[in-house]
Amino acid sequence: MKKIVLVACCILCLFGCSRQESNKTLLHREFFETLWERFDYVQDNIEVKAETSYDLSLKIAFTDDYPYNDFSMIFTVFSSDGEPYRSKGYKFNVKDEEGLWNVGSVDGCHTFVFPINKELRISEPDTYTFQIENHMPITPLVGVKELTLLNH
């Protein structure tokens with residue numbers, strides 16, 4: 001019986017590890033002193049060699065210093081000529097109406113994973129710039145520890 005439980009645990013662990021490895025980081029930023037200026041864009045160039053589809057999510061960690069109940073951002077994909085290919089604004093609730101976090105704290109951070117675009121199709125090979133813009137009213141935005149754009 002113990003061997004069966006051990007084997008089952010190993011299989012679940014392998015499945016969990018392989019699932020995590022399938023998440024590809026497209027861009028990542030850690031913020032110095034948890035400050036994010038309004039026009040300090042988080043961006044990176046992504047080379048697309050053939051038609052592809054992205055299943056994007058944003059992983060973002062806040063410290064207790066974050067003063068708002070929500071987080072607003074704009075996600076834009078630019079083609080190599082600088083023209084916007086896709087752009088969309090997002091607003092996510094991170095705290096309830098009473099200002100309590102919607103997730104617990106681990107190592108002093110409240111970490112969320114928000115869906116951005118489930119089927120972002122890019123059909124033309126090119127180098128695209130993926131950009132995340134802080135769209136909050138006050139600058140600098142306090143309490144943002146880090147963010148990561150993931151492709152699942």
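**Close-up views of the predicted model**

View 1. Strand S1 and strand S10 (residues 144–151) run antiparallel and are joined by six bridges. Strands pair if DSSP finds at least two bridges between them. Strands themselves are DSSP runs (E, at least two residues), numbered from the N terminus. Leu27 has Leu149 as its bridge partner in S10. Residues are numbered from 1 along each chain as its sequence is written, and side-chain values use heavy atoms, with hydrogens and water left out.

**View 2. Phe31 sits in the loop between S1 and strand S2 (35–36).** Phe31 counts as buried because its relative accessibility is 7%; buried means under 20% relative accessible area, exposed over 50%, partly exposed in between (1.4 Å probe, protein chains only). The C-alpha atoms of Phe31 and Glu146 are 5.8 Å apart, although 115 residues separate the two along the chain. Beyond its neighbours within four places in sequence, Phe31 is in contact (heavy atoms within 4.5 Å) with Trp36, Val42, Val144, Lys145, Glu146 and Leu147.

**View 3. The largest nonpolar core has 35 residues.** Such a core is a set of buried Ala, Val, Leu, Ile, Met, Phe, Trp, Tyr and Cys residues joined through side-chain atoms within 4.5 Å. Tyr66, Phe71, Phe75, Phe130 and Ile132 have the most contacts inside it. Elements giving two or more residues include S1, S7 and S10, along with strand S5 (70–78) and strand S8 (126–134).

**View 4. Arg38 and Glu133 form a salt bridge.** A salt bridge is a side-chain nitrogen of Lys or Arg within 4 Å of a carboxyl oxygen of Asp or Glu. By this rule the count is three. The closest N and O atoms of Arg38 and Glu133 are 2.7 Å apart. Arg38 is in the loop between S2 and S3, and Glu133 is in strand S8, 95 residues away. Arg38 is buried at 18%, and Glu133 is buried at 11%.

**View 5. Lys91 and Asp70 meet in a salt bridge.** The N to O distance is 3.3 Å. Lys91 lies in strand S6 and Asp70 in strand S5, 21 residues apart. Lys91 is exposed, at 59% relative accessible area, whereas Asp70 counts as buried at 18%.

Technical notes:
This is a predicted model: local features need pLDDT of at least 70, side-chain atom pairs count only at pLDDT 80 or more; totals for chains, interfaces and linings use all residues. Helices (H or I, at least four residues) and strands (E, at least two) are DSSP runs, numbered from the N terminus.
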